[in-house]
Amino acid sequence: MDPKSLFSLEGRVALVTGGSRGIGRMIAEGLLGQGARVYISARKAEAAETAARELSEFGPCVALPADVSTLDGMEGLLSAFRSHEDHLDILVNNAGAAWGAPFDEFPESGWDKVMNLNVKAPFFLTQKAHDLLLEAHRRGGHLAKVINIASIDGMSLNPWETYSYQASKAGVIHLTKRMAVRLAPEGIIVSAISPGAFASEMNKNARDNADEVRTGIPSGRIGKPEDMAGAAIYLASDAGDYVVGSALVVDGGVNITR
């Protein structure tokens, strides 16, 4: 056993949705550092292009702007991807949204936006990339990987009225199990990551009030980029080949104390 090769992603191709910032960017940087060629998508073209230029310091990174909350957006993303590559070793379904409102005021728009991006997109993007993932396994001799980004909020309750967000992330965890059982026999391994508090645009509380937030975390701090990168590298590499359908919790111990 060679630990270096076990965690290596040398020569592999990855696509990270929502890769221009936050957890998606942390993951993209980690995959690049292990030798992968990485494509990132984001709804805003300028943000995607800027992030790709900055990430190119760590390895080859290309921006593919797209809105993966719609089927047309997914088709457009994969069409652009296919103009560069004919296979996909690693798909990270990270793009997500959150919405908070009181129970009596919670809008349908807040429900649909979150569900479309957080639950619908991971399923249909993986479905539409099925042939690319199969080809990666066929030609590479290694397992293709799909990593869905869930949340500890899909496992236990947070203090806020984020109804659609928490339901969506619980759905992602169960969807990961269903997809994993279906695709593992084909050489495509599906797993998930359930992050806790990481500084991001979505988690402004962790970003702006880290000193306060850390008091509720057993590890005494919010997550660092390398915490998220390490989890993604593990699941994406040969080291994670036998992790099928599980959601890896990366939260400093919060979920077990709720």
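Q: Why is strand β5 said to be largely enclosed by the rest of the structure?
A: In this predicted model, six of the six residues of β5 (residues 144-149) are buried, so the strand is largely enclosed by the rest of the structure. Buried means under 20% relative accessible area.

Q: How do you know which faces of β5 are covered?
A: Take the two sides in turn. In a regular strand the side chains alternate between the two faces of the sheet. On one side of β5, Ala144, Val146 and Asn148 are buried. On the other, Lys145, Ile147 and Ile149 are buried. Both faces are therefore covered.

Q: What makes β4 and β5 a strand pair?
A: The cut-off is at least two bridges. Four bridges join β4 (residues 90-93) to β5, and the strands run parallel.

Q: What makes β5 and β6 a pair, and in which sense do they run?
A: Six bridges connect β5 with β6 (residues 188-195), against a cut-off of at least two. The sense is parallel. Ile147 has Ser191 as its bridge partner in β6. From β5 the chain passes through helix α7 (residues 163-183) to β6, a β-α-β crossover that is right-handed.

Q: Why is that crossover called right-handed?
A: With the strands pointing away from the viewer, the path from the first strand over the helix to the second runs clockwise, so the crossover is right-handed. Here the strands are β5 and β6, and the helix is α7.

Q: How many aromatic pairs does a search of the whole structure find?
A: The search finds four.

Q: Why is the pair of Tyr39 and Phe81 called edge-to-face?
A: Check the distance, then the angle. The ring centres are 5.2 Å apart, and pairing needs them within 6.5 Å. The planes stand at 75 degrees, and edge-to-face needs over 60, so the label holds. The pair links distant parts of the chain, with Tyr39 in strand β2 (residues 37-41) and Phe81 in helix α4 (residues 71-82), 42 residues apart.

Q: Why do Tyr39 and Phe81 count as buried?
A: The limit is under 20%. Tyr39 has 4% relative accessibility, so it counts as buried. Phe81 has 0%, so Phe81 counts as buried too.

Q: What makes Phe103 and Tyr163 an edge-to-face pair?
A: Their ring centres lie 5.8 Å apart and their planes are at 70 degrees, so the pair is edge-to-face. Phe103 is in the loop between β4 and α5 (108-128) and Tyr163 in helix α7, so the pair ties together parts 60 residues apart in sequence. Ring pairs also bring in Phe106, giving a cluster of Phe103, Phe106 and Tyr163.

Q: Which residues touch the most other members of the largest nonpolar core?
A: Of its 33 residues, these are Ile27, Leu31, Val38, Ile40 and Ile193. Elements that each supply at least two residues of this core include β1 (13-17), α2 (22-33), β2 and α10 (225-236). Another core, of 31 residues, lies apart from it, with Phe81, Ala95, Met179 and Val190 among its members.

Q: Why is α2 described as largely enclosed?
A: Nine of its twelve residues are buried, so the rest of the structure largely encloses α2. Among the buried residues are Ile23, Met26, Ile27 and Leu31.

Q: How do you know that the span of α2 is close to the one expected?
A: From first C-alpha to last, α2 reaches 17 Å, close to the 16 Å expected at 1.5 Å a residue for its twelve residues. Just after α2, Gly35 takes a positive phi of about 105 degrees.

Q: Val114 or Glu10: which is buried and which is exposed?
A: Val114, in helix α5, is at 0% relative accessibility and counts as buried. Among its contacts beyond four places in sequence are Ala97, Trp99 and Tyr165. Glu10, in the loop between α1 (3-6) and β1, is at 62% and counts as exposed. Leaving aside neighbours within four places in sequence, Glu10 is in contact with Gln34 and Gly35.

How values were computed:
Residues numbered from 1 in each chain as written. Predicted model: local features only at pLDDT ≥ 70, side-chain atom pairs only at ≥ 80, totals over all residues. Heavy atoms only, no water. Buried < 20%, exposed > 50% of the residue type's maximum accessible area, 1.4 Å probe, protein only. Phe/Tyr/Trp six-rings, centres within 6.5 Å; stacked < 30°, edge-to-face > 60°. Core = buried A, V, L, I, M, F, W, Y, C linked by side-chain atoms within 4.5 Å. Expected span 1.5 Å × (residues − 1). Contact = heavy atoms within 4.5 Å.
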